[in-house]
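Thanks for coming. I will take one model this morning and go through what can be read from its atoms. Please have the sequence and the structure open.

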Amino acid sequence: TFVDERNHDLPPDNLQEDPKPVEAHRTSPTNLGLYLLSTMAARDFGWVGTLEAVERLEETLQTMGGLRRVRGHFLNWYDTWDLRPLEPMYVSTVDSGNLAGYLIAVAQACRDTMQRPAAGPEVLEGIRDTLHLLIISMQSVEDSGRAQTVTAVQLREAVEATAVTLVDFPTATPERLRRLHQLESRADNLLDTARTLASEDPQDSRSEILTWAGAIHDSVRSHVRDLQ
């Protein structure tokens, strides 16, 4: 969410939630390595496609290549907005060691990915993971007594239609692409319905329902890109 253009595709150190959201726009070698590794983990779990994972790696590594270093070593803290090293400047053996270990793991993950099909079985598992989280988050609507509203019923129907698309997934690439396009259409409908439900109650605008519906939508599109 926060590894974006404003932060030069670098991961902020943390997000304070209470008493109000405050983003710490600084990063360290440990943050950098963990983000790169988590990107490949997201690819392995099927939450994002290969193209998206590669783009994320390239964007972050490109920024890292321009950061000020000392004898090749990254300094321990950088401002993610202007990329300047933060005072006091120093090289941490702990953080540098963390980054080295993460980069070894990321490199091996990239080699492994090159040997995998564009859309293996992990694609379905990743989408099922997120759909399961959406179903759990829908429990709050049911508990609130609003489960019988038109939009809530439509959301349940959209979830069921999406789940059916994940059954008996084809093995051949052309058929798999057609099924993913069908899944993409149902994910679009799922997200539109979740947005409508959120708009009916301002308290739901920040709900997990909308978050997970959006995640399903983005995940499916990411995998469609790979097969195309």
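Start with Glu184, which sits in helix H7; helices here are DSSP runs of H or I with at least four residues, strands are runs of E with at least two, and both are numbered from the N terminus. Is Glu184 buried or exposed? Its relative accessibility is 16%, so Glu184 counts as buried. The classes are buried for under 20% relative accessible area, exposed for over 50%, and partly exposed in between, with a 1.4 Å probe and protein chains only. Leaving out neighbours within four places in sequence, Glu184 has contacts with Val220, Arg221 and Val224, where contact means heavy atoms within 4.5 Å.

Before going on, the conditions. This is a predicted model, in which local features need pLDDT of at least 70 and side-chain atom pairs count only at pLDDT 80 or more, while totals for chains, interfaces and linings use all residues. Residues are numbered from 1 along each chain as its sequence is written, and side-chain values use heavy atoms, with hydrogens and water left out.

Asn189 also lies in helix H7. Its relative accessibility is 42%, so Asn189 counts as partly exposed. Asn189 is 27 residues from Ile216 in sequence, and their C-alpha atoms are 11 Å apart in space.

Now the overall picture. The protein chain has eight helices and six strands, in the order β-β-β-α-α-β-β-β-α-α-α-α-α-α along the sequence. Its C-alpha trace spans about 60 × 50 × 25 Å along the principal axes. Of the 228 residues, 41% are buried. Taking contacts between residues at least 6 apart in sequence, 63% join residues at least 24 apart.

Next, the cores. A nonpolar core is a set of buried Ala, Val, Leu, Ile, Met, Phe, Trp, Tyr and Cys residues joined through side-chain atoms within 4.5 Å. In soluble globular proteins, nonpolar side chains tend to be buried together. The largest core here has 27 residues, and those touching the most other members are Leu134, Leu190, Ile209 and Ile216. Helices H4 (122-137), H6 (150-165), H7 (173-200) and H8 (208-227) each supply at least two residues of this core. Which helix gives the most? H7 does, with seven residues. As for Ile209, not counting residues up to four places away in sequence, it touches Leu134, Ser137, Met138, Val141, Leu155, Ala194 and Leu197. There is also a second, separate core of 15 residues, which includes Tyr35, Leu57, Leu99 and Ala109.

That brings us to helix H3, residues 93-114. H3 has 22 residues and reaches 32 Å from its first C-alpha to its last, close to the 32 Å expected at 1.5 Å a residue; the expected span is 1.5 Å times one less than the number of residues. Its buried residues are Asp95, Leu99, Val106, Ala109 and Thr113. Why do they lie on the same side of H3? Because they cover an arc of only 90 degrees around the axis, the arc being that of the directions from the helix axis to the C-beta atoms. An α-helix has 3.6 residues a turn, so residues three or four places apart point the same way. On the face turned away from the buried side, H3 carries the exposed residues Thr93 and Ile104. The buried residues of H3 pack against helix H1 (29-45), helix H2 (50-65) and strand E5 (73-74).

Helix H2 can be read in a similar order. H2 has 16 residues and reaches 22 Å between its end C-alpha atoms, close to the 22 Å expected. Ala53, Leu57, Thr60, Thr63 and Met64 are buried in H2. They cover an arc of only 135 degrees around the axis, which puts them on the same side of H2. The face turned away from that side carries the exposed residues Glu58 and Gln62. The cover over the buried residues of H2 includes H1, strand E4 (69-70), E5 and H3.

Last, Leu10, in the segment before strand E1 (14-16). Its relative accessibility is 0%, so Leu10 counts as buried. What does Leu10 touch, residues up to four places away in sequence not counted? The residues are Phe2, Val3, Thr27, Leu32, Thr60, Thr63, Met64, Thr80 and Leu83. Among them, Thr60, Thr63 and Met64 are also buried residues of H2.
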